Amino acid sequence: MYSYDKYDQSIVDGRVAEFRDQVKRRLAGEITEDQFKPLRLMNGLYLQLHAYMLRVAIPYGTLDSRQMHKLADIARKYDRGYGHFTTRQNIQYNWIKLEDCPDLLDDLASVEMHAIQTSGNCIRNISSDQYAGAAADEVTDPRPWAELLRQWSSFHPEFSFLPRKFKIAVIASKEDRAAMRLHDIGIELTQKNGEIGARVFVGGGMGRTPMIAPEIGPFVKAEDLLSYIEACMRVYNRFGRRDNMYKARIKILVHEIGADEYRRQVEEEFAHVKKLGIDPPLAELERITEFFAPPEFAADADIKVDRSDPDFALWLDQNVKDHKQPGYAIVNISLKPIGGIPGDASADQMDVMAEIAKQYSFDELRVTHAQNIVLPHVAKKDLHTVWRALREAKLADANLDLISDIISCPGLDYCSLANARSIPVAQKIATRFADMDRQRDLGELKLKISGCINACGHHHAGHIGILGVDRKGVENYQLTFGGSGAEDVAIGKIIGPGFDEDGIVDAVEKATDVYRELREEGERFLDTYRRVGVTPFKEAIYG
Amino acid sequence: MKLLTGNDLKSGAVTWWTGSDWSIHVEHAADVGEHGESILQAEEGARRVNAPYIIDAVDTAEGPRPAHIKERVRALGPTVRPDLTLKPADPDAGDWVI
Ligand code: SF4
């Protein structure tokens with residue numbers, strides 16, 4: 001894992017001291033809320049429905065046990081004993097007091113963490129593949145590249161006041177586990193003639209106008225990456241709409257001028273930027289890469305796993321994935337217990353996950369955009385022990401990628417922008433489909449719920465998506481089908497009029513009945529929907 | 001009826017104007033009638049409460065009930081965590097929101 005040098009640490013410590021002073025002045029009435037709001041937002045502090053909410057950055061979703069323990073401590077000390085892992089691989093605390101915030105940020109800084117650039121119209125936390133460094137299908141570990149971009153984008157003076165917020169994802173596999181093309185910039189590292197370079201996609205996103213990013217740079221060399229991304233940003237910063245916040249994201253610019261014209265402008269700008277010498281020497285990427293050296297795997301690790309316990313075998317089949325190193329596995333910890341709150345973990349659960357990671361996963365954890373946690377490097381011989389420890393902490397639900405593994409934003413239970421509650425809908429659907437045999441029979445089915453059109457719950461990318469809307473003060477839920485955030489990326493389509501809270505659960509159930517009736521061998525829900533179209537689903541749901 | 005609400009500057013807690021002070025309990029909220037704007041300006045000027053605003057509510061036997069569900073969620077707490085609401089001991093408290 002990357003670790004701060006003295007410059008990183010002094011930048012973060014300096015920011016905490018600066019914010020401490022700003023909070024003091026706000027509490028003393030020396031500055032108004034209008035003056036203070038942009039300052040607190042720059043430090044990830046929002047005002048939500050019930051209290052201040054702090055969003056903490058987890059760079060490319062990677063944590064060590066010391067950091068996870070600290071997140072648990074913070075939940076106990078400053079919040080109400082839990083945190084919420086988000087679709088941007090971050091964590092949010094819902095009950096923070098303004099007067100406590102500087103001390104909290106000091107605690108975070110003590111483990112090389114912060115909340116900088118988790119809000120505002122700047123480049124947000126860089127996200128990545130949760131299996132980075134462990135996936136058999138990656139061409140390289142994407143995290144050093146993500147770290148390089150993190151360093152470049154942190155406090156970038158030119159990009160601190162963009163037309164709108166800006167999200168970048170980096171992956172290095174054909175299988176897209178990070179919804180890469182639904183980001184403002186999505187980077188897929190790829191290999192050409194033995195050289196690693198970047199396919200750069202620009203102008204994707206969800207929200208009110210969902211779009212899939214077109215490819216702009218087919219192969220950007222490592223030594224040109226920062227100049228190229230800088231050029232992408234400069235064109236956006238110059239021409240992005242600042243007059244209309246609903247049209248201010250880069251996806252609107254790329255869509256309006258067209259991918260070809262945007263690419264032409266980027267190339268023109270790149271020719272200029274390249275001369276400025278902002279790209280670090282390749283030795284810098286190599287230096288960063290050393291922080292992400294593979295752990296010392298045992299060369300002769302046992303590859304056999306005793307599957308005689310049926311519950312353990314179920315968990316193995318559903319939540320454990322192949323690792324590139326023989327004798328090791330990737331463990332997915334579901335934060336989606338039936339009837340629970342998607343993405344929430346108690347402080348005690350965080351401590352358990354940290355402890356297990358320390359003992360059994362080379363001290364590493366990852367947060368996934370699907371609001372789960374990953375132990376990336378677990379020896380197969382330890383899987384049963386890990387499973388038992390997780391089960392003890394109620395963290396062993398074997399439902400990864402099944403219908404109850406629902407992405408849900410906080411919705412109207414917490415979020416001041418919400419139109420409707422998302423979490424109760426997730427809870428009701430998960431409860432309706434609680435039976436494991438039923439869930440496994442339905443197979444991979446990604447259900448995603450947002451409480452408003454901002455789409456933090458990625459409903460556009462759900463095989464089944466649910467969007468909460470406000471119908472004259474009453475919660476109503478729209479249903480979309482056919483979305484995907486994976487390599488078969490697609491935006492879901494609304495299938496008809498909305499439902500109330502119970503009606504939406506029934507509608508989802510009817511859709512799964514249609515799928516079971518019409519599916520062909522090996523087809524997922526999404527495949528069947530794509531093959532047969534919306535009509536049989538509509539007939540069953542509205543007929 | 002009209003209520004004046006905001007969030008406490010220090011704690012961020014939801015708070016309601018009672019006619020003379022602020023309370024975290026919506027039952028204590030006073031009908032500000034036509035005076036909301038002037039109270040709001042005075043209170044914001046005094047910076048006791050963050051971003052106060054006026055909402056519609058209905059007078060009921062149990063006290064004021066905000067007209068919009070969002071304000072009722074604010075008034076009680078998250079419907080999905082009854083233990084974290086202002087009425088953790090009342091299992092039916094969530095019905096008031098919906
Ligand atoms: S999608 Fe809307 S309701 Fe959900 S967290 Fe985002 S802004 Fe809030």
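Visitor: Let's start with A:Tyr529: is this residue buried or exposed?
Guide: Buried means under 20% relative accessible area, exposed means over 50%, and partly exposed is in between, with a 1.4 Å probe and protein chains only. A:Tyr529 has a relative accessible area of 11%, so it is buried.

Visitor: What should I know about the model and its numbering before going on?
Guide: This is a predicted model, in which local features need pLDDT of at least 70 and side-chain atom pairs count only at pLDDT 80 or more, while totals for chains, interfaces and linings use all residues. Residues are numbered from 1 along each chain as its sequence is written, chains are lettered from A and ligands numbered from 1 in the order in which they are written, and side-chain values use heavy atoms, leaving out hydrogens and water.

Visitor: How many aromatic pairs does the structure hold, and how do I read one?
Guide: A ring pair is described by two quantities, the distance of the centres and the angle of the planes. Rings of Phe, Tyr and Trp (its six-membered ring) pair if their centres lie within 6.5 Å; planes under 30 degrees apart are stacked, over 60 edge-to-face, and the rest tilted. Over all chains there are 19 aromatic pairs. Take A:Tyr60 and A:Phe292: the ring centres are 6.0 Å apart with the planes at 65°, so this pair is edge-to-face. A:Tyr60 lies in the loop between strand 2 (52–56) and strand 3 (62–64) of chain A, and A:Phe292 in the loop between helix 9 (282–291) and helix 10 (310–319) of chain A, so the pair ties together parts that are 232 residues apart in sequence. A:Tyr60 is buried at 4% relative accessible area, and A:Phe292 is buried at 6%.

Visitor: And which arrangement do A:Phe481 and A:Tyr529 take?
Guide: Their ring centres are 5.7 Å apart and the planes meet at 75°, so this pair is edge-to-face. Helices (H or I, at least four residues) and strands (E, at least two) are DSSP runs, numbered from the N terminus. On that scheme A:Phe481 belongs to strand 19 (residues 474–481) of chain A and A:Tyr529 to helix 16 (residues 525–532) of chain A, so the pair ties together parts 48 residues apart in sequence. A:Phe481 is buried, with a relative accessible area of 1%. One aromatic cluster is formed by A:Phe481, A:Tyr515, A:Phe525, A:Tyr529 and A:Phe537.

Visitor: What about charges over rings?
Guide: Look for NZ of Lys or CZ of Arg within 6 Å of the ring centre and within 35 degrees of the ring normal. The charged end of A:Arg80 sits over the ring of A:Trp95, 3.9 Å from its centre.

Visitor: How many residues does the largest nonpolar core have?
Guide: A nonpolar core is a set of buried Ala, Val, Leu, Ile, Met, Phe, Trp, Tyr and Cys residues joined through side-chain atoms within 4.5 Å. The largest has 105 residues, and those with the most contacts inside it include A:Met68, A:Tyr262 and A:Trp315. Helix 6 of chain A gives the largest share of this core, nine residues. Contact means heavy atoms within 4.5 Å. Leaving aside neighbours within four places in sequence, A:Tyr262 is in contact with residues including A:Val202, A:Cys232, A:Ile250 and A:Ile257. A second, separate core of 30 residues includes A:Ala420, A:Leu442, A:Phe499 and A:Tyr529.

Visitor: Why is helix 5 of chain A called largely enclosed?
Guide: Ten of the eleven residues of helix 5 (residues 143–153) of chain A are buried, so the rest of the structure largely encloses it. Among the buried ones are A:Arg143, A:Glu147 and A:Arg150. Just after this helix, A:Phe155 takes a positive phi of about 55°. Helix 4 (residues 101–109) of chain A is also largely enclosed, because seven of its nine residues are buried. The cover over those buried residues includes helix 1 (6–27), helix 3 (65–78) and strand 5 (91–96) of chain A.

Visitor: Which residues are around the ligand?
Guide: A residue is near a molecule if one of its heavy atoms lies within 4 Å of it. Those around the ligand include A:Cys409, A:Cys415, A:Cys452 and A:Cys456. The shell divides into eight nonpolar, three polar and no charged residues. Here Ala, Val, Leu, Ile, Met, Phe, Trp, Tyr, Cys and Pro count as nonpolar, Asp, Glu, Lys and Arg as charged, and the others, Gly among them, as polar.
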